[in-house]
Structure formats: structure tokens, C-alpha cells
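Good morning, and thank you for making time for this presentation. Please have the sequence and the structure in view while I speak.

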Amino acid sequence: MRIKLWGVRGSLPTPVSGDSIAAKIRKALSLARPGDISSEESIDSFIRSLPFSVQSTFGGNTTSIQVVTGSGDLIIIDCGSGIRMLGHELMKGDFGEGRGTATVLLSHTHWDHIQGIPFFLPFYVKGNRFNFYSAFPDLKKRLDYQQAYTHFPVSFDFLPAKKEFFTIEAEEELYVNDTKVVNKLMPHPGAAYGYRIEDGGKVLAYTSDCEFNINEIDHIENYRNFFSDADVVVFDTQYTFEESIDKLEFGHSSASMAIDIAGMFNVKRLILFHHEPNYNDEKLESVLFNAKTYLSMNAGRVGDMRVDIAYEGMEIIL
Ligand SMILES: [Zn+2]
Ligand SMILES: [Zn+2]
């Protein structure tokens, strides 16, 4: 299975500010030596040598990820503003000709997970088919509401692609050809669902949004089937540990909580996800650094795993 992250920010789309770009340029210039800028090649190689937060950005679009299964089926998880660019990419292929089909899974209907829908071009092409599977029986009504005339000029029903809705039970197994998808109710205000996708012997577990606070950790065995032995877990780590204590019941977790849980269930690779809008690229780099420090300090307890931080355009092949 191939996974691509198109939106990794939580809560609100967060463009890079002008001040932040100026700070990146200033930092890069301060690190450059004459040899670094003597040719096109040396400039490229210098840029590649810079910290990620200086040479690039983790991205400001809200959550949307693309999964292409071993059989070539497309599964879209969450439709935050990141889905707009996924739409542009898909329009180059079958979806541009009205011959595309996709399964759509939504963690929940907070704005940051649905706000890209009105701007997803494949919905505007007749002939494309989208199958929405959700444990929220009123999902269609919720999406209609987002595109009420007072909020957006084009209604959801008016979008010409065929959009079908199927209600699934909590933890019901769903199959997209040979790919198994199981949902899991997560602790989050108003409810959110995680998705475990098993394809060709590999496992992706996606959980955005979720708050594994001290009370929820008491029930962590309930989540064993969801996390266990996953090759990759994409996990809501919006807050630092200190913030997660200040913001109890806000609905999000921290990297240290995610590492603890990944360690309990033999997860191989953890992706920190659903970044706080108030965090700039430098801060997110420090979140990753602190997570790696926490991991190494607790290696005896949580075991061996790889920890990365999500950025727009990140691709994972399993
Ligand atoms: Zn969210
Ligand atoms: Zn939410």
C-alpha cells in the first residue's frame, strides 16, 4: 500500500507567514559559506543540507491522506483543506475524465476534517463515484449542512459526481477488494473514528483526533486490536505533554502519550500528526527532537520504533 499525506495540520489551515519566510532566509544565509553558493549544484546541495524547518515547511493544510492499496483502489481518509491538492493530482488521471472511484472515510466532521470537500475538483466531474463509509448515520446531513446556501454557494447534492453513503457499525469490518478496514471509536469531543487498514500483510492505523489522557490510558487494552503490530501509526499529537495537561478534555494527545501507546502494542513506525496551528516549523522540529529524546530515554520500556513527524507530501510505501 502507498500512503501520501496531503494535509497534516490540526484545527485550522495555517499558511506560512511572511515573517517566517524571512526568518528561514536569514537562517539559511547565516549558514552559507562562499562555496555553498558557487554553482547551481552547490546551491542545491546546500539547501538539502539545511534543517527541514529552514529548507521547507511541514505544511499548513488540514488533514487529508491518500491510501492506494495493493489492488490499486483509492481510499481517502479525511477531507481537510489538504484534499484540494490531492484533487488536482487526481484530475490528471481517471478522475479528470469522470472514470474515478474512491472510498472516503472521515474520522469525524469537525471543520478541519471536512472543509476541503467544496474545493475537491473530482466531485465536480460527472461519472466519478465516491463511497462514504461511516459509523455516523447522519454523515450525509452533516456534509449537506457544511454546504448550506448561507455557508457556500454550491450545495453538496449539486456536485455532479455520484456520492453514496453507507452506515457501518462500530468496529465492523469493511472490505475494499482484499483490503480490510476496521473503524475504532476514539476519545474525542463529539466522537471520532480511527481506521486500521490491512493490505498485503501490512497495517496502517490512522487516529486523528484522539485524547489518550490519564483516564483513557486505564482502558488502553480496549485499543489493542486497533494498534497492535501496526507497521505505521498516524497519531494526533497536537500538544506537548505540558499542554495536554492544561488542555484536558480538548480532545488531543501528545507525542509522549503516542510513544507510550505505540510501545505497548509493538508499533514499528509512529508518525506525529495533526499539528497545532500555533506551532511554526522550528517548533515542530523541536517537537520531533523531544519525541526522539523521550523515546531513547524510555527505550527499555517502549522498545524499538521509528518516530517521524508528518509533513505535506510525505509518502510511505508499505
Ligand atoms: Zn482535528
Ligand atoms: Zn476534532
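Predicted model: local features only at pLDDT ≥ 70, side-chain atom pairs only at ≥ 80, totals over all residues.

Two of them, Asp209 and His274, link distant parts of the chain, being 65 residues apart. Asp209 sits in the loop between β10 (202–207) and α6 (214–217), whereas His274 sits in the loop between β12 (269–273) and α10 (281–297). Both are buried: Asp209 has a relative accessibility of 2%, and His274 has a relative accessible area of 0%.

I now move to the zinc ion (ligand 2). Here the donors are His108 (NE2), His110 (ND1), His188 (NE2) and Asp209 (OD), at 2.1 to 2.6 Å. The angles subtended by the four donor atoms run from 89 to 167°, so this arrangement is irregular as well. The sequence spacing of the donor residues is H-x1-H-x77-H-x20-D. His188 counts as buried at 11% relative accessibility, while His110 is partly exposed, with a relative accessible area of 33%.

Which residue bridges the two ions? Asp209 does, and the two zinc ions lie 3.7 Å apart.

Let me turn to the sheets. One open sheet has seven strands in the order β7-β8-β9-β10-β11-β12-β13, with mixed pairing. Its edge strands are β7 (173–176) and β13 (306–309), each of which pairs on one side only. On average, neighbouring strands are turned by 20° against each other, direction ignored.

At the β13 end, β12 and β13 run parallel and are joined by four bridges. Within this pairing, Arg269 has Arg306 of β13 as its bridge partner. Helix α9 (residues 255–264) packs on the sheet, touching β11 (232–236), β12 and β13, and its direction makes about 155° with that of β12. Helix α10 lies across β12 and β13, running at about 170° to β13.

There is also an open sheet of seven strands in the order β6-β5-β4-β3-β2-β1-β14, and its pairing is mixed. β6 (162–167) and β14 (315–317) stand at the edges with a single partner strand each, so one side of each has no neighbour in the sheet. From one strand to the next, the twist averages 20°.

Several pairings in this sheet deserve a look. β4 and β5 run parallel, joined by five bridges, and Val104 stands opposite Phe132 in β5. β1 and β2 pair in the antiparallel sense over five bridges, with Val68 in β2 as the bridge partner of Arg2. β2 and β3 are likewise antiparallel, over four bridges, and here Val67 stands opposite Ile75 in β3. The hairpin of β2 and β3 has five residues between the strands, and Gly72 there takes a positive phi near 90°.

How many residues of β2 are buried? Five of its five residues are. Ser64, Gln66 and Val68 point one way from the strand, Ile65 and Val67 point the other way, and all are buried.

Finally, I come to helix α4 (residues 83–90). Its buried residues are Ile83, Leu86, Gly87 and Leu90. Seen down the helix axis, these buried residues fall within an arc of 105°, and they therefore line one face of α4. They pack against β1 (2–7), β2 (64–68) and β3 (74–77).

To close, I return to the metal site: Asp209, which bridges the two zinc ions, is itself buried. Thank you for your attention.

Note on methods. Residues numbered from 1 in each chain as written. Chains lettered and ligands numbered in written order. Heavy atoms only, no water. Donors = N, O, S within 2.8 Å, 3.2 Å for Na, K, Ca; no water. Tetrahedral: all angles 85-135°; square planar, octahedral: opposite > 155°, others 65-115°. Buried < 20%, exposed > 50% of the residue type's maximum accessible area, 1.4 Å probe, protein only. Helix = DSSP H or I, 4+ residues; strand = E, 2+ residues; numbered from the N terminus. Arc of directions from axis to C-beta. Contact = heavy atoms within 4.5 Å. Pairing = 2+ DSSP bridges. Axes fitted to C-alpha atoms, helices over the stretch in contact; angles between N-to-C directions.
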